[in-house]
Amino acid sequence: MTSVLTAAPKNGEMMRRIGFLLTIWICKLCGVACKLTGSDGSSAPGLLALRIYPGILKELAGRVKGKTVAVCGTNGKTTTNNLLYAILNDKSSKTVCNNSGSNMISGVASAYIRRCDVFGRLKADRACLEVDEAYASKIFDSVKPDCMVVTNFFRDQTDRYGGPETAAELLKKAAEKTPDTVLILNGDDPLCAGLRETLKRECRFFGIDEASNAGAGEKREGRLCVSCRHELKYHYYHYGQLGDYYCENCGFKRPAPDFRVFGLDFSSRSEFMINDARISASIKGFYNIYNIAAAYSAASFLGIDLKNINDILSSYKPQLGRMEEFTVRGRPVVLTLTKNQVGFDRALHAMADDKRSKNVVIILNDNAQDGKDISWIDDAGFELMNREAFRRFAVGGIRAEDLRRRMESAGLRPEAELFGKNIKTVIETLSGDGCEVLYVLANYSPLFETRKILQKMQRSG
């Protein structure tokens, strides 16, 4: 009788192991099939795995030898996560990372499966994971991060999130499931800093500790105190709601940064200090200072030696439409994701800082993954393109007509003969008329197709 009772659990465990291994094999084949059919396979294997073997993410996450970092926030999480991945891989560590930007639970599961060998063994010393705020609670049921980086909270996909305060609340509820997780927060964002007040746990802050002119002329985002809802005052302001803020009513104020950014110099490269480290990077855009600071802060938490940080930054190439550069017919074409007002304004400032003559293509859809509410274009600073270096414009996508009207109200004239044409034709036309650089701005759903077109055009010369 005893042998029968003890045999049943052993047989059950064996069946579980067989089921786990079969799931890994099936999902790896799924990944191969995705690539053969032209898909990146960043989420389909994980989606399949979670249906076949629902506990697979929790099981694999528990096998990571070292620490796990989750990177969250509205803007900059893909770049921050990929920068951290580059830092970790510089030491040849085996890292689980969804560096393709697939940040929902299926994308996270796919990242773990990719690090498994054919025997189901997870080859991973650490994990750095980009996590969507709306999926964080579900992901944190299985993955227990040692630290969570929060980049910022801006107005984005209001039909999905409602507003930046809603996104912050979603992340707070997710973090409540992982009480031992250390928070690494953008101290310049009052909504991020407010997480310390509500979660009452160990926090480390990064922030830009001097005034800038980054957000000159922009409309500000949320300006209310997270504690008492009175209007915040600013010693200085960067963009969005980021800056050195304080509340005269209740005393809430920007925390002193543990990772202090200062000594900004954009005369040639992006150069600045983080504490006692001199940073020199070729990555464009003021907002990337925050992304670098966030990745640096997380790497410091993990105990990574950062002496060669500038070598890593010099070799880092922006990916997946984050000021990603292609060469088409001998001319540079820069593709960047612009999914909300703050991100769009940051791209506009980066273009304005580029002194080369430029043409601009803007593509806007309102599919489910983009957000149906595109009213943010009314607040975006299109007027910044009324400068001599900006020459020709074209618009495209489902909401191209809305873009055209908004640009005309800003004094710009998208060219009617290019409006509505195939994007390949538009790129060929606007990159080949003598301009020094073509910028292509797109939100989520048109980004990937546009990127494929640019990759093909680059390969064909």
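**Close-up 1. What lines the largest cavity of this predicted model.** Helices α4 (77–89), α10 (287–301) and α12, plus strand β13 (331–337), each put at least two residues into the lining of the largest cavity. Helix α10 gives the most, with 4 residues. The volume of this cavity comes to about 380 Å³. Its lining runs to 27 residues, and N75, G76, Y287, R322 and L337 sit closest to the centre. Counting cavities of 30 Å³ or more gives 3 for the model.

**Close-up 2. The second largest pocket, with helix α12 in its lining.** Here α12 (residues 341–353) turns up again, supplying the largest share of the pocket lining with 5 residues. The pocket has a volume of about 580 Å³. It's lined by 24 residues, and those nearest the centre are F266, G285, H349, A350 and D353.

**Close-up 3. K358, a buried lysine with no salt bridge.** K358 belongs to strand β14 (residues 358–363). What K358 does have is the backbone oxygen of M351, 3.4 Å from a polar atom of its side chain. Leaving aside residues up to four places away in sequence, K358 touches M351, A389, F390, R391, R392, C435, V437 and Y439.

**Close-up 4. Helix α5, tucked in.** Of the 10 residues in α5 (residues 105–114), 9 are buried, so the rest of the structure largely encloses this helix. The buried ones are I105, S106, G107, V108, A109, S110, A111, Y112 and I113.

Notes: Residues numbered from 1 in each chain as written. Predicted model: local features only at pLDDT ≥ 70, side-chain atom pairs only at ≥ 80, totals over all residues. Heavy atoms only, no water. Buried < 20%, exposed > 50% of the residue type's maximum accessible area, 1.4 Å probe, protein only. Lys, Arg positive; Asp, Glu negative; His and termini not counted. Salt bridge = Lys/Arg side-chain N within 4 Å of Asp/Glu carboxyl O. Polar contact = N/O pair within 3.5 Å; in protein donor to acceptor, adjacent residues only side chain to side chain. Contact = heavy atoms within 4.5 Å. 1 Å grid on protein atoms, 1.4 Å probe; cavity = no way out; pocket = protein on both sides within 12 Å on 5 of 7 lines; lining within 4 Å. Points joined across faces, edges and corners; volume = space filled by probe spheres on them.
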